[in-house]
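This report describes one protein chain for a reader who is new to structural analysis. Please look at the sequence and the structure before reading on.

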Amino acid sequence: MSTDQNEVIRISREEATSSHVDDLLKRQMSLRGEPGVTRDRGKRWYYQNWFVLTVVGALGAFIAWAIIEPFFDDHLYLQGAIAAVDADGDQGLFAKVKIRGETIFVLSTTKEIEKDGSKHRVDLDSLRVGEVVGAYVSYVEVKGQTEGLPVASFLVRSPAPQSGDAAKATLDKLQAQHRVSSLLLFPLVAGLIGLFVGAADGLICRLPRRALLCGAVGLVVGLVGGFVCDIAAEIAYAPLTQLAMKQSKDPAFGLSTLGFVIQVFGRTLAWGMVGVAMGLGQGIALRSKRLLIYGLLGGVIGGLLGGMLFDPVDQLLLGPDKPSALWSRMVGLTVIGATVGAMIGIVELLARDTWLRMTQGPLSGKEFILFKDVMNVGASPRSDIYLFNDPQVAAEHAVIRTVGDECEIEAREAMHPVLLNNNGVRRARLRHGDTDRKSTRLNSSHLVISYAV
């Protein structure tokens, strides 16, 4: 018995400094009713970065769609009275009709849209001079001709009257408008996603200056990067689209299964390229290599996934047989924006090794990544970690430094110490589970922290 009592119990440094010891001490303090022990009331899920960026990414893409859609046409729409009809004789494969001075080919496979929305093949013999029709036109390339032929994919009998510039527009003008809107689509979507994703964190943390800076950089990088990546995407996408069309015997009735797969692959590749520019704004604005890498990876993965979903949403859910894909484009672009935002947040969540989580106050549940080696904490909006609505926090209260694989916190002034685990300190190393004077919990994947303010 005496031998057992004299045995030396050895406790290693790792065991003494483990979070388990801190948790047991805090439990004892709580049972004794000692003040200063704050219960983590759980985080508010809607402050999680992945959720916030999903919402703002979808919102940015939706606004881009709303801006560009009035000028974007899947088919050129020309309406007017038929001035002449020229059938191809006994073959009955097509008829040339003249509308407002434009010659348009109406094929036997052209769909006629009834007033109730139903569709069927047009009867070429039923076309009459003087009849007012609306034609959804696409240019089809023909061997031996430098210019494509204007072919009606859909025909509307007795359409509602047009007014304004639409009633006077020529096919050349409509084609020019289509080219400009197609050129602006990728950059505008990338720019607005970059704007909203970049500004989100600053807005949540009530830092308008940071929100403006990161949002503006995200917008510019998205627009410029979108133009550059659009060129590369078009080089990759156009041949694949042509290959997809060649797989179908009659493209007017939709793509074949192989053609659809090729089309999805081409759009996935194109949006993956454009995704490069969507998540870089915050990292560039804050000069953070970590945030830059998170945004780059998230944008590319999100673009790939969003592009992969675009055609299934369009073709499978909303149907391929329609003159305009505005609703599927709205859904598809919004899905791409949400996917890009979500993937930036998820990559950030998985790749982070040091972060702070707020456990009390208006931002309870908000997590801050330690994206720089030195980060300022205080009540000043210029602080990297902005602690507002607390009169006991000085404008420049403390600084957190990354030291090797660990982090330390240091009070800026002796008169404003940091209360760490209920002890006033001027400087101290942070460990997993530590709490500061605002009940901040430290979490970590190894010796580095995940610190929750």
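## Helix packing and strand pairing

The crossing of helices α4 and α5 is right-handed, a term used when the near helix is turned clockwise from the far one by less than a right angle. Their contact (heavy atoms within 4.5 Å) comprises 19 nonpolar, 4 polar and 1 charged residues. The axes of α4 (residues 49-68) and α5 (residues 171-204) come within 8 Å and cross at roughly 145°; axes are lines fitted to C-alpha atoms over the stretch in contact, with angles from 0 to 180 degrees between N-to-C directions.

The model is predicted: local features need pLDDT of at least 70 and side-chain atom pairs pLDDT 80 or more, whereas totals for chains, interfaces and linings use all residues. Residues are numbered from 1 along each chain as its sequence is written, and side-chain values use heavy atoms, without hydrogens and water.

The chain has 10 helices and 17 strands, which are DSSP runs (H or I, at least four residues, for helices; E, at least two, for strands) numbered from the N terminus. Strand β9 (residues 374-378) pairs with two strands, pairing requiring at least two DSSP bridges.

| β10 (residues 385-386) | parallel | 2 bridges | Ile385 |

Of the 453 residues, 47% are buried, meaning under 20% relative accessible area with a 1.4 Å probe, protein chains only.

Note on methods
Buried means under 20% relative accessible area, exposed over 50%, partly exposed in between (1.4 Å probe, protein chains only). Ala, Val, Leu, Ile, Met, Phe, Trp, Tyr, Cys and Pro count as nonpolar, Asp, Glu, Lys and Arg as charged, and the others, Gly among them, as polar.
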